[in-house]
Amino acid sequence: MPKPETVDEYIAVQPPEARKILVELRKIIKKSAPDAQEKLSYGMPYYSLNGRLLYLGAFKAHVSLFAMPSAVKKFQRELKGYGQTKAAIHFPFGQPLDKELVRKIIEFRIAENRTKPKK
């Protein structure tokens, strides 16, 4: 199977359970950060707004939102019940997506990136 070259291609080759979550996350990101640049980086969807904003990744049983360590730490209480790593939140297949929480995380990351010097 050829390697995806666009975010649309990345989403299209995922299993239906992952595709559903990726589409929802992408809509929230585009609505919350309309000026963010979208591309693939490390083979995953990547969003840039004054630097790294977010990554998305589909895995065997979940989709990860790589929101950076600061966001995972900031929203630790609200993220109880979700798998996590230092920099990512795991949204398992078959569970509804907490769109409001995702929106708050994105807005936090946008505000965080706006405080950085422009590149």
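How many positive and how many negative side chains does the protein have, and how far apart do the centres of the two sets lie? In this predicted model, 23 side chains are positive and 12 are negative, and the centres of the two sets lie 6 Å apart.

The secondary structure consists of four helices and six strands. Read from the N terminus, the order of these elements is α-α-β-β-β-β-α-β-β-α. The C-alpha trace extends about 40 × 35 × 25 Å along its principal axes. A compact globule of 119 residues would have a radius of gyration near 14 Å, and the value for the protein, 14 Å, agrees with this. Of the 119 residues, 45% count as buried. The protein exposes about 7,200 Å², of which carbon and sulfur atoms supply 54%. Contacts between residues at least 6 apart in sequence were also examined, and 51% of them join residues at least 24 apart.

Helix 4 comprises the 16 residues 99-114. The buried residues of helix 4 are Leu101, Val102, Ile105, Ile106, Arg109, Ile110 and Asn113. An α-helix has 3.6 residues a turn, so residues three or four places apart point the same way. The cover over the buried residues of helix 4 includes parts of both kinds of element: helix 2 (16-32) and helix 3 (68-74), together with strand 3 (52-58), strand 4 (62-66) and strand 6 (88-92).

Helix 2, one of the elements covering helix 4, contains Ala18. Ala18 has a relative accessible area of 0% and is therefore buried, the cut-off being under 20%. When neighbours within four places in sequence are left aside, Ala18 is in contact with Ala58, Val63 and Phe93. Ala18 and Phe66 are separated by 48 residues in sequence, and their C-alpha atoms are 15 Å apart in space.

Residues up to four places away in sequence not being counted, Ser41 touches Tyr46 and Tyr55.

Terms used: Residues are numbered from 1 along each chain as its sequence is written. This is a predicted model: local features need pLDDT of at least 70, side-chain atom pairs count only at pLDDT 80 or more; totals for chains, interfaces and linings use all residues. Side-chain values use heavy atoms; hydrogens and water are left out. Helices (H or I, at least four residues) and strands (E, at least two) are DSSP runs, numbered from the N terminus. The expected span of a helix is 1.5 Å times one less than its number of residues. Buried means under 20% relative accessible area, exposed over 50%, partly exposed in between (1.4 Å probe, protein chains only). Contact means heavy atoms within 4.5 Å. The radius of gyration is taken over C-alpha atoms; the globule rule is 2.2 Å times the number of residues to the power 0.38. Accessible areas come from the Shrake-Rupley method with a 1.4 Å probe; for residues, only the protein chains shown count as cover. Lys and Arg count as positive and Asp and Glu as negative; His and the chain ends are not counted. The place of a charge is taken as NZ of Lys, CZ of Arg, CG of Asp or CD of Glu.
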